[in-house]
Structures are given as C-alpha cells and as structure tokens.
Amino acid sequence: MRIGILSDIHANIHALNAVLKDCEEQKVDRFWLLGDYVDYGGNPVEVVSQLSRMEVEYMVAGNHDACLYTSTVRSSTTPHGKQAFENTRKLVMEQEASFRLLESVAAQPMLYLPDRKTLLVHGTPSDPYWGKFLPGEHADALFDEMEGMDASRMFMGHSHVSFMLTRGGRTIINPGSVGQPRDGYPEASYGIVEGDCVTFRRVNYDIDGAAAAIRKAEMPEYLWRRLYKGI
Ligand SMILES: [Fe+2]
C-alpha cells in the first residue's frame, strides 16, 4: 500500500494536479491529507472538488480551513492571510455546497490511528491548528508528546518545509507544501509512505498558471511572486 501524504495545498490547483499526476506514476493507492486546502491560491473551489474525487483515507483540517467555520480559530496573523481568508469566505458563502468536504473536517485538526500508532496533525499535538515546528528547533517536546500519546509516527504540516526527524524509534515527518513551498525551492512538495519507508517528492508545475489565477482573483502580488521563489 502506497500512501500519498499531501499538505498545505492552499488553493493551488496547478500544483495539486501536477502532484496527482506524479502520484499516478508512482502508483500511489490512497491519500492522507494534512490540512490548509484553501487560501493564498486562486482556485479553492477546484481544489476542494478535486479532493472529493480522490481516494482520501484520512484528512485533517488546517487553520485556514477551520476558520471558515469556527470563529474561535483565527484566519491568519498576516495581512495577506486575512485578505485571502476574506476571498475564500466570500466564495464559501456563495457556493456553500462546493465546500461541504471542508465543513465536514473543520473541527478535526488531528487524528490518531491506533492500529498504526500514527498521528496526523496540521500543527502540533499541543496546538493542532497553529503549532509551527521547523527543522533546527528543539524537537524533544514533540517527541515527548508523541510518547505520551503512544504514537511512533507523526505526520505534520503547517510550516511548508519538508523534513524527517527520528528519536528512539519515533519519527516526525513533514511532507512540505503542495501549493506554497517555503524552503527556497518552488517545486510542489509531498511524501509517499509505504510501510516504514518514506519518500519525499518534488514536482515541477505550471507556476505561471497558478500566478495568473491569483492575479485574476485580485489578491496581493506578493502571493504569486513568492511561488516562483518557494518562500
Ligand atoms: Fe499552510
């Protein structure tokens, strides 16, 4: 069984379609999704529709998904994030049915799979919508949290940076971001898991198309410029 781990798609249908093509070539059977399906990109409706057609086994919500339905979750701390949220919220109000999938997971930022001793979380276990962990930071607290939850493997998103860390038989994996990588490389990022093996994949996609969609949605220039740099 080959599982595609996708996170932080952020309304970038061009990146998602390129990743799905790569998944097909890599013989991925099903998907685990780690949240932040909307905002920043220009095609939230198309992305959520595509997710509905995929073989999704598990999915959790990110802060950007949850804040559309839960007033206690903030949209973002940045002006660009807030503007993207306003755009998405307008679309959700106009086309509520297209976003039902998001609504169904909005209150679920973390899932524990006991038979696999695996945690899926958008942020971190102690702050599942917002907790941001980056490589190079002190990971002991995260491993301790995993130990307390009897998890040997944790998949997390939110930072948009891919990495894998291990300690004492426990592993933390971030597959990076499909739709807005922030590690200095513009290629869409995702992971494939097969048993204990994790493969990190980077995929070229039509950045011009994604940038044009952001411009068409009249969102800030910064949001499409950053796609070319992977920042
Ligand atoms: Fe995100």
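**Figure 1. Overall fold of the protein chain.** Among contacts in the protein chain between residues at least 6 apart in sequence, 69% join residues at least 24 apart, where two residues are in contact if their C-beta atoms, placed from the backbone, lie within 7 Å. The model is a predicted one, in which local features need pLDDT of at least 70 and side-chain atom pairs count only at pLDDT 80 or more, while totals for chains, interfaces and linings use all residues. Residue numbers start from 1 along each chain as its sequence is written. The protein chain holds eight helices and ten strands, these being DSSP runs numbered from the N terminus (helices H or I, at least four residues; strands E, at least two). Its radius of gyration is 16 Å, close to the 17 Å that the globule rule gives for 231 residues, so the protein chain is as compact as a globular protein of that length; the radius is taken over C-alpha atoms, and the rule is 2.2 Å times the number of residues to the power 0.38. Of the 231 residues, 44% count as buried, that is, with 20 or more other C-beta atoms within 10 Å of their own, whereas exposed residues have 12 or fewer and partly exposed ones fall in between, with C-beta atoms placed from the backbone.

Figure 2. Within α8, which spans residues 221-229, the buried residues are Leu-223, Trp-224 and Leu-227. Seen down the axis of α8, these buried residues fall within an arc of 90°, so they line one face of the helix; the arc is that of the directions from the helix axis to the C-beta atoms. An α-helix has 3.6 residues a turn, so residues three or four places apart point the same way. The cover over the buried residues of α8 includes α4 (79-94) and α7 (207-216), while on the other side of α8 Glu-221, Arg-225, Tyr-228 and Lys-229 are exposed. Gly-230, with a positive phi near 65°, follows α8.

Figure 3. Strands β4 (residues 110-113) and β5 (residues 118-121) run antiparallel and are joined by four bridges, two strands being paired if DSSP finds at least two bridges between them. Leu-113 stands opposite Thr-118 in β5. Four residues lie between the strands of this hairpin, in which Lys-117 takes a positive phi near 45°.

**Figure 4. The surroundings of Phe-143.** Phe-143, a residue of helix α6 (residues 140-148), is partly exposed, with 18 other C-beta atoms within 10 Å. Leaving aside neighbours within four places in sequence, Phe-143 is in contact with Arg-167 and Arg-170.
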